[in-house]
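Student: I would like a close look at one part of this model. Please take me through it step by step.

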Amino acid sequence: MTRKSGMTVVVTGASGRTGSRVARAALAAGLTVRAATRAQGFDWADRSTWARTLRDADAAYLVHPGDVGSPQATRAVGLLAHEAVSLGVRRLVLLSARGEVHARPTEEALRESGADWTVLRSAWFMQNFSEGPLVEELRAGGELVFPGGDVKEPFVDLRDVADVVVAALTAGDRYVGQGIDVSGPRLLTFGEAVAEIARATGRELTYRPVSAAEYGARLAGFGEPPEAVDLLVDVFETLLDGRNAHLSDGVERVLGRPPRDFTRFATEAAAAGTWTA
Ligand SMILES: NC(=O)c1ccc[n+]([C@@H]2O[C@H](COP(=O)([O-])OP(=O)(O)OC[C@H]3O[C@@H](n4cnc5c(N)ncnc54)[C@H](OP(=O)(O)O)[C@@H]3O)[C@@H](O)[C@H]2O)c1
C-alpha cells in the first residue's frame, strides 16, 4: 500500500475501521502509507516488531486495538511513542475517545514521550452500527442491545475522522501539541440512530437499552475476558451518563466543512447491503 510522496506515514490498525480509512485518505493526499497490522509483521503485543515498522517513517497514526482507556493501551502507546521518537519518527497522531476519563493516562503517555503529538478524541463511530461486533445482531436479529439508555450522542462518520487525521498530519506544526475533539453534526439517541437505519433499510429494527452491568454479563457470555468486561462496564457507565451529549467542532475547524450526517451514512450503508437480513 504505497505511493510515491514526500511523507511516509505508518498506519496502525490499517485493516480496521479507522485505520483503513486513514490509509485511504492518506494515499489520496499523496502520502506513502506503511500499513502496520499483524499481517505486516507489526504486533502491539511484541515490542521486537516495532522498530522495523517505524524506521525511516516520518509520522504514525496510532490506534490501539483494545479500548484506548485500558492499561494495555496506556503502556503500549507510551512505549511505542518513546521508540518512535528515538528512531526520529516524531509526528504521532493518537486516536482517543471524546470524554473518556479512562483514556487520559494513554494520552499522557503519548505526551510524555516527547513526540510532536496530536490527540484526536472521537465521538462514537457511526460505523459501530455497520462494522464490528454490533452489526451482526442488528442485521440477523433485527435488534440492537446496548447500554445507551436514552442518552444523546453525536455519532461521527469515520471518513471524517480519517480526513481530520490526514489534515493534521499534513498541516506542518499547526496541530502539534493539541487535542482535537470530533463529533458528527447531530445529537441522536441510540434508539433514534436505529430508527434512522430502519428507515434506510425498510426493515423493522429495534433498540433495547440494558444496564451496563447487564451488557457486561452478555459480553462475558461471548467470551470477553473479565478484566476487559470490567473496564468496558466502567467506561460505558461514565461515557453514557450524559456528559457527552454535546457537539464538538473539530471536523469543521480542521477541514473547513461540516461533518457528514447520520442519514447519509445510514442510506449509503443500507444501499451497500450492510443490514440486509
Ligand atoms: N468505537 C468507538 O466508537 C470509538 C470511539 C473513540 C475511540 N475508539 C477507540 O478506537 C480503537 C479501536 O479502533 P478501530 O475501531 O479502528 O479498531 P478495529 O476496527 O477493531 O481494528 C483493530 C485493528 O487493530 C489491528 N490489531 C488487532 N490486534 C493487533 C495487534 N496485537 N497488533 C497489531 N495490530 C492489531 C487489527 O488488525 P489485524 O487483526 O489485521 O492485525 C485491526 O486493523 C480503540 O482504541 C477504541 O478505544 C473507539
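Student: Which atom of His-64 lies 2.8 Å from an oxygen atom of the ligand? Please set that spot in its surroundings.

Tutor: A backbone N or O atom of His-64 lies at that distance from a ligand oxygen. Keep in mind that this is a predicted model.

Stay with the ligand for a moment. It is surrounded by 25 residues. The closest are Ser-15, Arg-17, Arg-38, His-64 and Gly-66. For Arg-38, a polar side-chain atom lies 2.7 Å from an oxygen atom of the ligand. A backbone N or O atom of Val-68 sits 2.9 Å from a ligand oxygen.

Next, follow Arg-17. Arg-17 is among the residues closest to the ligand. Helix H1 covers residues 17–28, and it packs with helix H6, residues 158–169, at an angle of about 55 degrees. Their axes are 8 Å apart. At that angle, H1 and H6 are therefore oblique to each other. Their crossing is right-handed. On the H1 side, the contact is made by Arg-17, Thr-18, Arg-21, Val-22, Ala-25 and Ala-26. On the H6 side come Leu-158, Arg-159, Ala-162, Asp-163, Val-165 and Val-166. By class, the contact of H1 with H6 holds 7 nonpolar, 1 polar and 4 charged residues.

Now look at another helix pair. Helix H3 spans residues 71–86, and helix H4 spans residues 104–112. Their axes come within 8 Å and cross at roughly 15 degrees. That makes H3 roughly parallel to H4, because angles under 35 degrees count that way. This crossing of H3 and H4 is right-handed. From H3, the residues in contact are Ala-73, Thr-74, Val-77, Gly-78, Ala-81 and His-82. They meet Pro-105, Thr-106, Ala-109, Leu-110 and Glu-112 in H4. This contact has 6 nonpolar, 4 polar and 1 charged residues.

Finish with H7, residues 190–201, and H11, residues 262–271. Their axes come within 9 Å and cross at roughly 45 degrees. That makes H7 oblique to H11. The crossing of H7 and H11 is right-handed.

Key. Residues numbered from 1 in each chain as written. Predicted model: local features only at pLDDT ≥ 70, side-chain atom pairs only at ≥ 80, totals over all residues. Heavy atoms only, no water. Axes fitted to C-alpha atoms, helices over the stretch in contact; angles between N-to-C directions. Helix = DSSP H or I, 4+ residues; strand = E, 2+ residues; numbered from the N terminus. Parallel < 35°, antiparallel > 145°, perpendicular 65-115°, else oblique. Left-handed = near helix turned anticlockwise from the far one by under 90°. Contact = heavy atoms within 4.5 Å. Nonpolar A, V, L, I, M, F, W, Y, C, P; charged D, E, K, R; others polar. Near = heavy atom within 4 Å. Polar contact = N/O pair within 3.5 Å; in protein donor to acceptor, adjacent residues only side chain to side chain.
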